[in-house]
Amino acid sequence: MAIVTAPIFRGVGVALVTLFDDNGSLDAPATGVLAAKLVGLGVRAIVVAGTTGEAASLSLAERVELLAAVRSALDPVPAVPVIAGTGAPSARQAAELTRAAADGGADAVLALSPPGAVDVRPYYDTVAGAAGEVPVLAYHFPAVSPPGIPVAVLGDLPVAGCKDSSGDADRLVETLDSWGQPLYVGSSALLALAGPLGAAGAILALANAEPERCAAAFAGDADAQLGLAGSHREAARAFPKGIKTMTAARFGTSAVTRMG
């Protein structure tokens, strides 16, 4: 089990949408092509099979296929890490997904905390054990999997960082002030605060459609942050349909969803 203190990446990463064909079948090659386009526009990391990627609708075989397709599409730029979402309702399920991701060449895994957990520490111990030398990012998203991860518990977890999608500015400041590991913000509404305050980066759904503006906002550009407001609301209003529609409008990708 390895605990990595250096950030897995810095800057804006994308919580990649998973593309499906008109019949709802996985289109892994097209998803890989989109990932490569986003890297060409400055995205610093790719998260596959995360919340934005409709992970709950993917079979284990589809997750493996998706990871392989994105890895293949990014082979010319190995410095861009591919991070696999492996969170699950139980530690046993998360461990299985984590082992498959590690075996499939993921550079790191992102594990959403389990719903209803009174103490998340045993869960993350199990995930880290399954990951081996592959770094684990904890994932706090209480709107999707309550109650999430208390700030005070982060220091007890065998993780290399945390993604915080709570959208809570108070928590963001508290975490940066009290925890020394890399923090990645998951809300596109907090970029111009998170970057200047010292967050390692961001992992964003909105980076599928607006990677350049997201990067500018994270760098502290207030105009870019305000410019994201409408898209941020649209993505939140109908998720994941909203972000898939915006991504399709820009890149001509499929807007088919399995969820929502």
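A: Begin with burial: a residue is buried under 20% relative accessible area, exposed over 50%, and partly exposed in between, with a 1.4 Å probe and protein chains only. By that rule Lys244 counts as buried, because its relative accessible area is 1%. The model is predicted, so that local features need pLDDT of at least 70 and side-chain atom pairs count only at pLDDT 80 or more, while totals for chains, interfaces and linings use all residues. Residues are numbered from 1 along each chain as its sequence is written, and side-chain values use heavy atoms, with hydrogens and water left out.

Q: Where is Lys244 found, and which residues is Lys244 in contact with, leaving aside its neighbours within four places in sequence?

A: Helices (H or I, at least four residues) and strands (E, at least two) are DSSP runs, numbered from the N terminus. Lys244 belongs to helix α11, residues 241-251. Contact means heavy atoms within 4.5 Å. Leaving aside neighbours within four places in sequence, Lys244 is in contact with Val17, Thr18, Leu19, Phe20, Glu54, Ala255, Val256 and Thr257. Lys244 and Leu206 are 38 residues apart along the chain, and 9.5 Å separates their C-alpha atoms.

Q: Where is the place of Thr52, and which residues is Thr52 in contact with, leaving aside its neighbours within four places in sequence?

A: The loop between β2 and α2 (60-73) holds Thr52. Its relative accessible area is 6%, so Thr52 is buried. Leaving aside neighbours within four places in sequence, the contacts of Thr52 are Ala15, Leu16, Val17, Ala205, Asn208, Phe239, Pro240 and Ile243.

Q: Which kind of peptide bond joins Phe239 and Pro240?

A: Phe239 and Pro240 are joined by a cis peptide bond, with omega about 5 degrees. Pro240 is in the loop between α10 (229-237) and α11. A cis peptide bond also joins Pro146 and Pro147, where omega is about 5 degrees. Pro147 sits in the loop between β5 (136-140) and α5.

Q: How is a sheet read, and how many strands does the closed barrel have?

A: Strands of a sheet pair through backbone hydrogen bonds, either parallel or antiparallel. Two strands pair if DSSP finds at least two bridges between them. Here a closed barrel of 8 strands runs β1-β2-β3-β4-β5-β6-β7-β8, with parallel pairing. On average, neighbouring strands of this sheet are turned by 25 degrees against each other, direction ignored.

Q: How is the packing of two helices described, and at what angle do α3 and α4 pack?

A: Two packed helices are described by the angle between their axes and the distance between the axes. Axes are lines fitted to C-alpha atoms, for helices over the stretch in contact, and angles run from 0 to 180 degrees between N-to-C directions. Helix α3 (residues 91-103) and helix α4 (residues 121-131) pack at about 25 degrees, and their axes are 8 Å apart. Angles under 35 degrees count as roughly parallel, over 145 as roughly antiparallel, 65 to 115 as roughly perpendicular and the rest as oblique. The helices α3 and α4 are therefore roughly parallel to each other. The contact is made by Ala91, Ala94, Ala95, Thr98, Arg99 and Ala102 of α3 with Tyr123, Thr126, Val127, Ala130 and Ala131 of α4.
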